[in-house]
Amino acid sequence: MLEFDGLHKSFGHHRVLDGVGFTVAPGTMFGFCGSNGAGKTTTMRIAMGLARPDAGEVRWRGRPLDQALRRRIGYMPEERGLYPKMKVGEQVAYFARLHGLDAGAAARATGEWVERLGLGARRTDPVEKLSLGNQQRVQLAAALVSRPEVLILDEPFSGLDPVGVDSLADALLSQVRGGVPVVFSSHQLDLVERLCDSVGILAGGRMVATGTVDELRRREAGRLLRVVVPDAPPHWAADVPGVRVVSEQGGDTLLELKAETDDQTVLAAALATGRVTHFAWQQPSLVELFREAVAAPSATDVAA
Ligand SMILES: Nc1ncnc2c1ncn2[C@@H]1O[C@H](COP(=O)(O)OP(=O)(O)OP(=O)(O)O)[C@@H](O)[C@H]1O
Ligand SMILES: [Mg+2]
């Protein structure tokens, strides 16, 4: 297990992390979400020894991370740390050597990752000549080249085009299949929802929601009902007891039901207005779950 345990961190009077904890099992992908300034980068920097926590620790396989263990972690910092004048291949090989690979292994691993991330044609170009997205791929190759046991990636998908997103996603999934725990931060929640086994939402210095997307959904389940009655008169649902109209567009209505409201009563009310063509519980997207969790952290706190 990769365990983030009870992390506290303040900068001056500004408390950023207030007991952040989550675990990532080997062979799983964890999506680390939170608004700008929530403390995701700070959490990852603490894991990498680049910021000191006021309390708490990060452990890998039960051992608190030290510099030796950190050499086995592939890390992609938020502020990208490439040498602009160095050639792509040299750069990646340099990171491999830094993590302890010998020259031959570094060259082989560099060749493999440069190809896999679609940089083969750019291998001898200086990094500064590459576009932002391609520089990002070099940074990823640098994180992956040393065959890390753990991956901690700060917004690895930002700035990538859809093909770049797919090649990175494939690369990460193959690491996961090989048993590596992967943590990445992202604001691209559709991507997090698609790729991650579990997600964590950081707000107000704490993890306000952690679990699989399905688990987070289940907490919201049974609340939103979508009813489509093409010929219904406007505001048909306004007077149904125990129901709040969330949105209404033509005959397409999204309703929030109180816990005690019987959905069959709503169905009967809908049928009374015309032919019902759609009647189903609405699955909230991760974006909706995120909005809810960030808006009311204490109400959705399951992390404690
Ligand atoms: N070295 C520092 N000195 C003072 N304040 C800092 C420092 N590093 C981070 N902070 C503050 O800590 C808070 C959390 O920042 P952090 O970069 O961890 O957020 P984040 O979740 O990564 O945000 P983003 O999504 O924008 O990347 C911010 O208010 C930031 O200004
Ligand atoms: Mg950040």
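**Domains.** I started with the spacing of the two domains: the C-alpha centres of domain 1 and domain 2 lie 43 Å apart. This is a predicted model, so I read every number below as computed from it. I then looked up the bounds, and the domain assignment gives 2–213 for domain 1 and 218–283 for domain 2.

**The open sheet.** Next I traced a sheet of four strands. I find it open, with the order β2-β1-β4-β5 and antiparallel pairing. β2 (14–24) and β5 (63–64) stand at the edges; each has a single partner strand, so one side of each has no neighbour in the sheet. I took a closer look at the β5 end. There, β4 (residues 55–60) pairs with β5 in the antiparallel sense over two bridges. I noted one residue pair by name: Trp 60 has Arg 63 of β5 as its bridge partner.

**Helix over the sheet.** Which strands does α1 lie across? I see helix α1 (residues 40–47) across β1 (2–11), β2 and β4. Its direction makes an angle of about 115 degrees with β1.

**Around ligand 1.** I listed the residues around ligand 1 and got Phe 11, Val 16, Gly 34, Asn 36, Gly 37, Ala 38, Gly 39, Lys 40, Thr 41, Thr 42 and Glu 78. Which element gives the largest share of this shell? I found that α1 does, with three residues. Sorted by class, the shell has six polar, three nonpolar and two charged residues.

**Two positive phi values.** I also checked backbone angles. As a reminder to myself, most residues other than glycine have a negative phi.

- Glu 155 has a phi near 55 degrees, and it is not a glycine. I place Glu 155 in the loop between β7 (150–154) and α6 (162–177).
- His 235, also not a glycine, has a positive phi of about 60 degrees. I place His 235 in the loop between β11 (224–228) and β12 (243–249).

Is Glu 155 buried or exposed? I count Glu 155 as buried, because it has 20 C-beta neighbours inside 10 Å, and the cut-off for buried is 20 or more. For His 235 I get 10 other C-beta atoms within 10 Å, so His 235 is exposed; the limit for exposed is 12 or fewer.

Note on methods:
Residues are numbered from 1 along each chain as its sequence is written. Chains are lettered from A and ligands numbered from 1 in the order in which they are written. This is a predicted model: local features need pLDDT of at least 70, side-chain atom pairs count only at pLDDT 80 or more; totals for chains, interfaces and linings use all residues. Two strands pair if DSSP finds at least two bridges between them. Two residues are in contact if their C-beta atoms, placed from the backbone, lie within 7 Å. Axes are lines fitted to C-alpha atoms, for helices over the stretch in contact, and angles run from 0 to 180 degrees between N-to-C directions. Domain bounds come from an automatic or database domain assignment. A residue is near a molecule or strand if its C-beta atom, placed from the backbone, lies within 6 Å of it. Ala, Val, Leu, Ile, Met, Phe, Trp, Tyr, Cys and Pro count as nonpolar, Asp, Glu, Lys and Arg as charged, and the others, Gly among them, as polar.
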